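Me: Please take me through this structure, giving for each term the criterion behind it.

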Amino acid sequence: MPDQPRDTVTAPDRPVLAPGRARVHRVRAAYLRMRARAYATPLGRLGVKIAVAVVGTLVIAVGVVLLPLPGPGWVVILAGLALLAMEFAWARRLLGFTRAQLLRWTRLVREGSWLVRIASVGGLLLVVGGALLLSLRILA
C-alpha cells in the first residue's frame, strides 16, 4: 500500500480548541509541569505549600479589608480560599461547605415566597447601606 501524501494525513484525535481556550490549556499545562517539578523534592513541596499559604492569606486579608468598602470583598475572600484549597484539605472542605451554603441560600431566595425575597433583598440593602455608612465615616 503506498504512503499517503502529507497533505491528506488526518489530524490527531484531539478536538480543535478555540484560540482563547487553547491558550488556557497551554498555561494550565505549563503550570502543571512546573508544579510537578516543584513536587519532585520534599523541599519543593514545602516551598509550594508555603508560597500558596502566603499568597492565599494575603488575598483573604485584602478581601477582609474590602468588606466594609464598596468592592467585591466576599468574592476576593472566596478567591483566596480557593487558592488555599489547592494545597490544604481543610480549605477544600471549607470551600465546599461555603459553596453548598451559597447554593442553598440562592435556591431559597429563588424558590421562596415573595416575603422571603423581600426580606433577603432588604437585608442585603441594610448590609450594603451599613457598609457604606461605615466607609464614609472612616473616610471622613
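Reply: Helices here are DSSP runs (H or I, at least four residues), numbered from the N terminus, and the expected span of a helix is 1.5 Å times one less than its number of residues. The model is predicted, so local features need pLDDT of at least 70 and side-chain atom pairs pLDDT 80 or more, while totals for chains, interfaces and linings use all residues. Residues are numbered from 1 along each chain as its sequence is written, and side-chain values use heavy atoms, with hydrogens and water left out.

Me: What span does helix H4 reach, and what span is expected?

Reply: Helix H4 covers residues 89–111, which makes 23 residues. Its first and last C-alpha atoms are 33 Å apart, close to the 33 Å expected at 1.5 Å a residue.

Me: Why is Phe 88 called buried?

Reply: Buried means under 20% relative accessible area, exposed over 50%, and partly exposed in between (1.4 Å probe, protein chains only). Phe 88 has a relative accessible area of 17%, so it is buried. Phe 88 lies in the loop between H3 and H4. Its C-alpha is 8.7 Å from that of Ala 53, although the two are 35 residues apart in sequence. Within H4, the buried residues include Ala 91, Leu 95 and Val 109.

Me: Why does Ile 50 count as partly exposed?

Reply: The relative accessibility of Ile 50 is 48%, and therefore Ile 50 counts as partly exposed. This residue belongs to helix H2 (residues 42–66).

Me: What makes the contact of Arg 35 and Glu 87 a salt bridge?

Reply: A salt bridge requires a side-chain nitrogen of Lys or Arg within 4 Å of a carboxyl oxygen of Asp or Glu. The N to O distance between the side chains of Arg 35 and Glu 87 is 2.9 Å, so the pair meets that criterion. The pair links distant parts of the chain, with Arg 35 in helix H1 (residues 19–38) and Glu 87 in the loop between H3 and H4, 52 residues apart. A search of the whole structure finds one salt bridge.

Notes: Helices (H or I, at least four residues) and strands (E, at least two) are DSSP runs, numbered from the N terminus.
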